[in-house]
Amino acid sequence: MSISPLQKARYAYEPKLPKILQSDIGNVAIKEGPATQSVADQEKVKALFPNTYGMKEISFVNAPSSAKACRQVVGVILSGGQAPGGHNVITGLYDALKKADGANVLLGFKGGPSGLIEDSYVEFTDEIIDRYRNTGGFDIIGSGRTKLETVEQFEVVEKVAHSHGLTAIVIIGGDDSNTNAAVLAEYFAAKKSGIQVIGCPKTIDGDLKNDVIETSFGFDTAAKTYSELIGNIERDAASARKYWHFIKVMGRSASHIALECALECQPNICLIGEEVEAKGQSLMDIVCHISDVVAARSAAGENFGVAIIPEGLIEFIPEIKVLIGELNDLLAVHADEFGRLEDFIEQFDFVLAHLSANSAKVFAFLPEDIQKQLMMDRDPHGNVQVSRIETEKLLITMVTRMLKERKANGQFRGSFNAMGHFFGYEGRCAFPSNFDADYCYSLGYNAYLLIANGLTGYMSVITGLGKGPASWQAGGMPITCMMNIERRHGEYKPVIRKALVELEGKPFTYFSSQREKWEKETCYTFPGAIQYYGPEEVCDITTRTLALEKGE
Ligand code: FBP
């Protein structure tokens, strides 16, 4: 197999562990903290998790080991979208297992949660693990979006787990996958099956975070990858002085990535979905605002600019949110009928006839490409796939239209030539930054300690991330304490509360204090490519979001 010089060098990189995890495993013990409660709906969540609710927060400290002495056979899955560092969670887990006892076994179930149901797995060896150290991607075992949530599925998983003698399952995933990890842990605990379940916080979107999970892994690398590209485009825009670039970045439900890229690159415009919703801004309000910024810059002789658009924006715009909700229901209820329609005209008429009057008006107003994209297949959870909706093109079309009208009225004299970009998949499998390489390895290593201490229904937690790894702390948090009850697809369910951009939070507050200046002036900053080797202040910096949240 041929490998790049960087990959070869990264194989030799030794991820940095928190001090406590560098200790001899026999010298690490649990320290119990206070009992926990769910973030809301305590009585309802408690009733659904009688065996795993209210468990104590724990941290690891130096003391004679509190671990059970038993051979471990652990299964691991990667769930959902790729995020840089997933391989390091697995290598950290493997190394800790083997360090504790060479006879311990790690099985990787392939293709995401479905691997556990189909019993499709690989037993990890040094040879396999060494090929994936510090590399991006999830290709070591693949990932998938099958939801593991029904009792029938749990019965099959239990059978598969018993057939391999599994003592624990580690689920590396986002909020939905970790919600399901908690439900599975409760199922096993109720049945006294002896199988523990531990979660690890993954997602580039950064929306799995709370008081204890300071960031989800992958966010750092993905945001830095997009920021490198945005910075390059900014320099091109400022050099050529003739194009506006509309750049959509991933982040399905929250705008953390867009905000982080804005903090890193200081573009002229960055839309934040959460703000659009809070202010009840319509699509026309947004188009009008962008047109105003374009016109003002043009009047100052700057017929160029850069705008960042979060992928999930479309679902935050009130009238489009209602429209998408109606379309989701419509396409779920009339799936067969809709599937039989021959062409776009028939689909369009069908949809129009079934929407409420207001949504029909909104739908009819949208460009045809966007109408088609809104009618495309839903994801396995019945949601519209926002990564496939070309919001950047929608905004370009509408701003072009508005500026043309203004030109006709003599209100705009400049030029507006725009290009659309989408940065999403480019960032999900990059070589993990040093931060993500260290953080992920620590999460995996720490997951072993949670297992060895007999815990279940816990998330692996590494805190103190604002400073270097040596001062990080390691521990675990019961997943149930992150939950509340929400209505999802017509049913009330216990779910981990998603972390959206907080409009009172420090990252957004800083951004909003700067953005008027960034709109008018050209204040671009150029983060450049992620650096893996060199001075610490270049290679080991965290995201601006984390730094601001930590008060730095
Ligand atoms: P996760 O929430 O599973 O981590 O995935 C996030 C994400 O990368 C989103 O940013 C994006 O909208 C989505 O995955 C794309 O999904 P897919 O890989 O199925 O196209």
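**Reading contacts, burial and the ligand shell**

A: Setting aside residues up to four places away in sequence, S359 touches V322, L323 and E326, where contact means heavy atoms within 4.5 Å. This is a predicted model, in which local features need pLDDT of at least 70 and side-chain atom pairs count only at pLDDT 80 or more, while totals for chains, interfaces and linings use all residues. Residues are numbered from 1 along each chain as its sequence is written, and side-chain values use heavy atoms, with hydrogens and water left out.

Q: In which helix is S359 found, and which side chain does the side chain of S359 join in a polar contact?

A: Helices (H or I, at least four residues) and strands (E, at least two) are DSSP runs, numbered from the N terminus, and S359 is found in helix α17, residues 357-365. A polar contact is a pair of N or O atoms within 3.5 Å; within protein, one must be able to donate a hydrogen and the other to accept it, and residues adjacent in sequence count only if both atoms are side-chain atoms. The side chain of S359 has such a contact, of 3.0 Å, with that of E326.

Q: Is D205 buried or exposed?

A: Buried means under 20% relative accessible area, exposed over 50%, and partly exposed in between (1.4 Å probe, protein chains only). D205 counts as buried because its relative accessible area is 8%, and this residue sits in the loop between β7 (196-201) and α9 (219-240).

Q: How many residues surround the ligand, and which distance separates a ligand oxygen atom from the side chain of D205?

A: A residue is near a molecule or strand if one of its heavy atoms lies within 4 Å of it; here 14 residues surround the ligand, and the closest are G81, D205, E311, Y425 and R428. An oxygen atom of the ligand is 2.7 Å from an N or O atom in the side chain of D205, and for the side chain of R145 the corresponding distance from a ligand oxygen is 2.9 Å.
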